[in-house]
Amino acid sequence: MVFLTLSCWTRNRGPDRYWRVQELLKSARHFRGRKNRCYSLAVRAVRRAFIYASKARKAKRRSMRQLWIQRLAAASREQHMKYPALIHNLLKCSVELNRRVLCDLSITEPRSFQALTALAQARRTEGLRAALGEGAEPPGVFSRITQLQGISQSQRS
Amino acid sequence: MTLNLRNVLLRAAGARLSANTEKRAVLPASRRFQSSSVISPDSYVPQTSLSRPPWPQLPAFDPEEEDRHRAVVQKVNGLIEEGAFGRLFAVVHFASRQWKVTNEDLILIENHIDAACGDRIRMEKVLLVGGRDFTLVGKPLLSRDLVQVHATVIEKTESWPMVHMRFWKRHRFQKKRIIIQPQTVLRINTIDVSPKLF
């Protein structure tokens, strides 16, 4: 006797379940406990891991900037200046160095950073003196109230 | 903002801004904070109570100050001509980021550059150059004749596949995307300074 209908009732669910499972477990191999072996637990853990990584990539930029600002505040306080004064006066002198590079300079090039703080300090006292009505220049630092020529003039006038 | 005739009239008349004013361009922060103490001789403005800014006008040329500046500039020019600066470092603006570079440095840039591997590139936007005893700070950039920074494209690859996943709990919302960034590796060959300060 031959049973032919039995084979019609079997289903082929899909040939590649093994490889899909292995692809997910490969991202979970360094986890702790049964999450690195058992599929149901690993699915949840891997999803959380991916989400945390995605969110952290955005937050990294924020926290790096925060770190640079803290370091710049400390470095400028070593030179008897405050961070907002440093940044504002460097911008007024048209020096457009960003916080990351200023932080690197304060660590690896201390004399250059000292020169930049001196420049900011001179611009600050100059602005204060100009506001108070004296026209005298502070001694010892090459700081002129210079302007960007060309594009900025035509934009503003 | 400069106090020229147009601004004075706008303020005095209390005029409303017309509907078709041009879209205000976003200026970088340094330009917003600049004060105009030196008025160029080309723009003539009749003297009123608002024609000049309330802070004192500094002279464009001060002979004592110029003597001091000339001494410093001569000294630095002399150092550059002798070559007594050791290893130079530069701050370069490239690919919308600022990099502090020296010779023989490797830089990894997270985007595609239109240059083949082995091509020599010149980075033109130099913000700062420093040696052993002097630093040249640009306001904001240094001139092209003064500094030359040359680099070579070494490698053009792709980053490792980063997974970007979004998930809201209890809302059956889940999205997964694989991001592969193109990367370029540059090697900084030389930084040259020429004695052209004045």
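Student: Is Phe134(B) buried or exposed?

Tutor: This is a predicted model. Buried means under 20% relative accessible area. Phe134(B) has a relative accessible area of 6%, so Phe134(B) is buried.

Student: Which ring pairs with Phe134(B)?

Tutor: Two rings pair if their centres lie within 6.5 Å, and planes over 60 degrees apart count as edge-to-face. The partner is Phe85(B). The two ring centres are 6.4 Å apart and the planes stand at 85°, so this pair is edge-to-face.

Student: Where do Phe85(B) and Phe134(B) lie in chain B?

Tutor: Phe85(B) is in the loop between α3 (63–82) and β1 (89–94). Phe134(B) is in the loop between β5 (126–130) and β6 (135–137). The pair therefore ties together parts that are 49 residues apart in sequence. Phe85(B) also counts as buried, at 15% relative accessibility.

Student: How many aromatic pairs are there over all chains?

Tutor: The count is three. One of them joins Tyr18(A) and Trp19(A). That pair is edge-to-face too, with 5.5 Å centre to centre and 80° between the planes.

Student: Are Tyr18(A) and Trp19(A) buried or exposed?

Tutor: Exposed means over 50%. Tyr18(A) has a relative accessible area of 52%, so Tyr18(A) is exposed. Trp19(A) is exposed as well, with 56%.

Student: What sits over the ring of Trp99(B)?

Tutor: A ring can also have a charge over it. Here the charged end of Arg100(A) takes that place, 5.2 Å from the centre of the Trp99(B) ring.

Student: How many helices and strands does chain B have?

Tutor: Chain B has three helices and ten strands.

Student: What share of contacts in chain B joins residues at least 24 apart?

Tutor: Take contacts between residues at least 6 apart in sequence. In chain B, 65% of these join residues at least 24 apart. Buried residues make up 33% of the 198 residues in chain B. The accessible surface of chain B is about 13,400 Å², and carbon and sulfur atoms account for 54% of that surface.

Student: At what angle do α3 and α4 of chain A pack?

Tutor: Compare the axes. Helix α3 (residues 39–78) and helix α4 (residues 83–92) of chain A pack at about 95°, with axes 8 Å apart. Angles of 65 to 115 count as roughly perpendicular. α3(A) and α4(A) are therefore roughly perpendicular to each other.

Student: Which residues of α3(A) and α4(A) meet?

Tutor: From α3(A), look at Ile69(A), Leu72(A), Ala73(A) and Ser76(A). They meet Tyr83(A), Leu86(A) and Ile87(A) in α4(A).

Note on methods. Residues numbered from 1 in each chain as written. Chains lettered and ligands numbered in written order. Predicted model: local features only at pLDDT ≥ 70, side-chain atom pairs only at ≥ 80, totals over all residues. Heavy atoms only, no water. Helix = DSSP H or I, 4+ residues; strand = E, 2+ residues; numbered from the N terminus. Buried < 20%, exposed > 50% of the residue type's maximum accessible area, 1.4 Å probe, protein only. Contact = heavy atoms within 4.5 Å. Areas by Shrake-Rupley, 256 points an atom, 1.4 Å probe, with all protein chains shown as cover. Phe/Tyr/Trp six-rings, centres within 6.5 Å; stacked < 30°, edge-to-face > 60°. Lys NZ or Arg CZ within 6 Å of the ring centre and 35° of its normal. Axes fitted to C-alpha atoms, helices over the stretch in contact; angles between N-to-C directions. Parallel < 35°, antiparallel > 145°, perpendicular 65-115°, else oblique.
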